[in-house]
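Hello,

Here is the structure we talked about handing over. My notes follow below it.

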Amino acid sequence: MVREFLSVVKALADENRVRALLALRQRELCMCQIIELLGLAPSTVSKHMSILKQARLVDCRKNGRWIYYRLADDDVPVEASEALAWVRKALSGDPQTRKDDARLELILKLEPEVLCKRQAKN
């Protein structure tokens with residue numbers, strides 16, 4: 001139980017991981033959409049998402065070459081579920097959260113394939 005608790009605490013100890021979690025609160029996102037939102041290198045975002053997955057806060061699925069993330073819903077430890085609820089409540093009015101929500105609306109208008117191709121050129 002301590003190990004699961006520490007895993008969740010570690011996952012929530014980074015602003016970018018919290019931003020990614022909040023972006024997933026209403027929808028599943030392709031990895032390229034998360035990369036675009038956070039403005040970080042793909043390898044960095046991949047590491048962040050791996051930490052969130054290890055803490056059992058997110059799940060992922062692969063569809064061809066695309067990887068999609070969503071908030072975990074199957075077999076989520078109580079600690080993770082309560083942590084997600086706390087993060088959502090604590091940051092619901094946060095200016096960065098509002099900025100991310102607005103930016104995500106623009107990102108969602110683009111097809112993931114377009115984002116991936118654009119990111120591959122950079």
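At roughly what angle do the axes of helix α2 and helix α4 cross? The axes of α2 (residues 15-23) and α4 (residues 42-54) cross at roughly 70° and come within 10 Å. Axes here are lines fitted to C-alpha atoms, for helices over the stretch in contact, with angles from 0 to 180 degrees between N-to-C directions. Because 65 to 115 degrees counts as roughly perpendicular, α2 is roughly perpendicular to α4. In α2, N16, R17, A20 and L21 meet H48, M49, I51 and L52 of α4, where contact means heavy atoms within 4.5 Å. By class, this contact has five nonpolar residues (Ala, Val, Leu, Ile, Met, Phe, Trp, Tyr, Cys or Pro), one charged (Asp, Glu, Lys or Arg) and two polar (the others, Gly among them).

This is a predicted model, in which local features need pLDDT of at least 70 and side-chain atom pairs count only at pLDDT 80 or more, while totals for chains, interfaces and linings use all residues. Residues are numbered from 1 along each chain as its sequence is written, and side-chain values use heavy atoms, leaving out hydrogens and water.

The mean pLDDT (the predictor's confidence in each residue, from 0 to 100) of the protein chain is 91.

Of its 122 residues, 41% count as buried, meaning under 20% relative accessible area with a 1.4 Å probe, protein chains only.

Regards

Note on methods
Helices (H or I, at least four residues) and strands (E, at least two) are DSSP runs, numbered from the N terminus. Angles under 35 degrees count as roughly parallel, over 145 as roughly antiparallel, 65 to 115 as roughly perpendicular and the rest as oblique. Buried means under 20% relative accessible area, exposed over 50%, partly exposed in between (1.4 Å probe, protein chains only).
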